[in-house]
Amino acid sequence: MENSTEIVSFVLAAYGEIGQLKYLYFSIIITLYLSIFVANTALIVVIFMDRKLHEPMYMFLCNLFVNEMYGSTSLYPLLLSQMFSDTHEVTLNICFLQIFCIYTSASVEFCSLAAMAYDRYVSICCPLHYPVIMNTGRVCTIILVIWLYSFVNFLLSFSLIMHLQFCGNIIDKVFCDHHLISKLACSASILSNMSDLLFAFVAVVVPVVLISFSYMRILAVCLRTSKETKQKAITTCTPQIVSVSNLFVGCVFHFVDSRFDVAHVPDKVRILLSVYLLICQPIVTPFMYGLNLPKIREACKRFLFYRK
């Protein structure tokens, strides 16, 4: 237990010796990071400037775009700083802050998609009541609740491990991980070891159940409606279904890598799969919604080519 008082930082061992490749990795990472900010910020500006897009679905999209930048900021700055580090050490406070940002970002993502699925359900299944149910005030309240729900859920989960004393400081990842940190504790209860799973249930499983329910109801209505209504539902719902599927796959990669022995998997493949969610989702989201939703696509054209 005496050694636990000496742990003031963690070592991210997955970086290993990257040698001169650090310059290539740094260039790729900073290009991705800037691309994420430019793409998401551009769509937020387009939605804000175009009054035709001041609708509930696009307000939820703005929230989603903000979260993509928030989630990216939880990973990319640390990756960039570690490219030129010899020790790959991260202080406890920075490590805990990164875990907070990564996990709350994932929760906000799932909850935002659940809110968007509900919005589509009301729009397609209850079109006459849609303006009343999904008014601006209610949309803002839902967005606020999403963030509060995610923060409170994480703090309750993380409170189970934040006071642990650590007897080791080696994390075999390129970023700080909730479960791997709990494994470094000198002693930890079963509840502490399962704290990330408890968080995942509330942050992932609950929203996915709500999303599934919404889309099953939408499907049931679409089977009884006109071809035009079906096409509208497919156009607006497809990006959300792709996002949920991509998120779910990313979460599976993350938890499998953290909780199971994957020594047989090549290190580079394992590292890529562990950061899959944080790299792919922020890039995919703006392009998927920007290119697939006709209203945003037309608004982008007006913003770029028809402004005086």
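Residues count from 1 along each chain as written, and side-chain values use heavy atoms, without hydrogens or water. In this predicted model local features need pLDDT of at least 70 and side-chain atom pairs 80 or more, while totals for chains, interfaces and linings use all residues.

Colleague: How many helices and strands does the chain have?
Modeller: Helices (H or I, at least four residues) and strands (E, at least two) are DSSP runs, numbered from the N terminus. The secondary structure comes to twelve helices and three strands.

Colleague: What radius of gyration does the chain have?
Modeller: The radius is taken over C-alpha atoms, and the globule rule is 2.2 Å times the number of residues to the power 0.38. For 308 residues a compact globule would have a value near 19 Å. The chain agrees with this, at 21 Å.

Colleague: What share of the residues in the chain is buried?
Modeller: Buried means under 20% relative accessible area, with a 1.4 Å probe and protein chains only. Of the 308 residues, the buried share is 48%.

Colleague: Among contacts between residues at least 6 apart in sequence, what share joins residues at least 24 apart?
Modeller: A contact means heavy atoms within 4.5 Å. Of the contacts in the chain between residues at least 6 apart, the share joining residues at least 24 apart is 81%.

Note on methods: Buried < 20%, exposed > 50% of the residue type's maximum accessible area, 1.4 Å probe, protein only.
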